Amino acid sequence: MPRSSLLRLASGLGHRSSEFAGLRYFQGARLVLGERVPFLLADIGEGISEVEVLKWHRSEGEPVNPFDKLLDVESDKATVEITSRYRGILRDLQYRPGEMAPVGRPLCFVELEEPPAESAASTHAVDSIESTVVGQHGDSKTERGVELAGVLATPAVRALAKNHAVELGALKRKVRSDLPGLLGGNLAKLSETLWSSPSGRDGRIMKSDVLEYIDTVGNSRHEPRDTFVPFKGLMKSMFQSMTSSNSVPRLMLGDEVCVTEIQRLRRRMTSLLDLPQSLTMMPFFLKAASLSLHDFTLLNASVDENRGGLVFHSQHNICVAISTPRGLVAPCIRGVEGKSIPELAQELWRLTTDARQGMLREEDLANGTFTISNIGSIGGTYVVPVVVPPQVAIGAVGKIQRLPRYTVEGDVPLPTEIVSVSWAADHRVIDGATMAKFSNRWKTLIEEPDLMLAFMR
């Protein structure tokens, strides 16, 4: 993520006068000692309107200092660490891990123990805090949530209750006297839930209250329940990307490639070089793709639909599909044409580690020009890859198999290491002949690694 975006996100407060949930901010007001100030999630650009809260590094009531880590959040682009800009006591955490925080809303409040620098104080301040409770037909604004019809809960909790068809008022409603005959042995647990006060401060209904109610009532009825999970984070990004991909007419091409010789080269390089990580086949696949793209520059282009044409890229920024606990992500290795096999292996290892730890940077995910997916590292012989717009081509490699194959001269089949490769291209731009020629060039470089070494730049 660009440094400017990170600074805007970490700074927390915006510069313009605004009003939100009874909190009014005015330019020119001064922040004073002991005042509670909101820590807003600022606009970080890139079209991001909300982020998922992953983890709080500080608890409510703990002291914080400038640049202390407060929390980690994840957008559909990258994971970001947010730091404090104040010295004080952390108050009123607005979101729990797993909840979505919209841009422009407070993430928490800080009770100041030391006013911030004069330049910051002059442009970021809180004039007043209003807390209002209104009836069923009015608007209600509080510090942490919205109270409608006498029930206080955050929008996220209300959304959870709505998805599970739970009436929030039931969590505070008196148990009917005729329920023993209706619910039997589960009445005691259900009564305790319905009679108990919500666990949040000032009677706020929390997420845990709703989940406990769902479990109790669901168990008493012995009914299976479907669960709705909204798209967010990487899953949301993948959903949007694949939806866009489905509009692209695809050209498909597959082939078998002998990797016996390049496997021998890989094993020799592993024994001769002192590499900090294991050397897989993927760096060789990437380098062969880059050498082939030098002669088939059309496959390293991207579609610019706004201007009605193609952008031919000077660098080979090849994306690599990586499976993570949060979903599929495809960071790119920049400038593959200028990197050696060990350098590609090192960069691939870094991207894989960061992706699985949720620590990819925004620049790791941007400006890819071509994609290769190695589904064989997980399992599977064949796969049909999907072009990722605005790119125009993608390749997918299956698992390596030891199979009998005839040589050109001999009549006896020999054990051969074989891998299947599948290519997909945007058929609006790439024709079948171009894709086949590119595939043949890539196959030749893999099957005859001496040629790959000769053409390396």
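Modeller: One term before we start: buried means under 20% relative accessible area, exposed means over 50%, and partly exposed is in between, with a 1.4 Å probe and protein chains only. This is a predicted model, where local features need pLDDT of at least 70 and side-chain atom pairs count only at pLDDT 80 or more, while totals for chains, interfaces and linings use all residues. Residues are numbered from 1 along each chain as its sequence is written, and side-chain values use heavy atoms, with hydrogens and water left out.

Biologist: Great. How many helices and strands does the chain have?
Modeller: There are 12 helices and 24 strands. Both are DSSP runs numbered from the N terminus: helices are H or I with at least four residues, strands are E with at least two.

Biologist: And what share of the residues is buried?
Modeller: Of the 457 residues in the chain, 43% are buried.

Biologist: Is D92 buried or exposed?
Modeller: D92 is buried, because its relative accessible area is 1%. Its place is in the loop between β8 and β9 (100–102). D92 also has a positive phi of about 50 degrees, although it is not a glycine.

Biologist: Which other non-glycine has a positive phi?
Modeller: F67 has one, at about 75 degrees. F67 sits in the loop between β5 (63–64) and β6 (69–74), and it counts as exposed because its relative accessible area is 70%.

Biologist: Back to β8. What does L90 touch?
Modeller: L90 lies in strand β8 (residues 87–91) and is buried, with a relative accessible area of 0%. Leaving out residues up to four places away in sequence, its contacts (heavy atoms within 4.5 Å) include R58, L70, C108 and F109. L90 and E111 are 21 residues apart in sequence, and their C-alphas are 6.5 Å apart.

Biologist: Changing topic: how many disulfides are there?
Modeller: A search of the whole structure finds 0, where a disulfide is a pair of cysteine sulfur atoms within 2.5 Å.

Biologist: Okay, helices. At what angle do α9 and α11 cross?
Modeller: Roughly 135 degrees, with the axes coming within 9 Å. That makes α9 oblique to α11; angles under 35 degrees count as roughly parallel, over 145 as roughly antiparallel, 65 to 115 as roughly perpendicular and the rest as oblique. The axes are lines fitted to C-alpha atoms, for helices over the stretch in contact, and angles run from 0 to 180 degrees between N-to-C directions.

Biologist: Which residues meet there?
Modeller: Among them are F284, F285 and A288 in α9, and F438, R441 and W442 in α11.

Biologist: How does α9 pack with α10?
Modeller: At an angle of about 115 degrees, with the axes 9 Å apart. M282, P283, F284, L286 and K287 of α9 make the contact with I341, L344, A345 and L348 of α10.

Biologist: Last one: where is the cis peptide bond?
Modeller: From P389 to P390, with omega near 5 degrees. P390 lies in the loop between β21 (370–374) and β22 (393–397).
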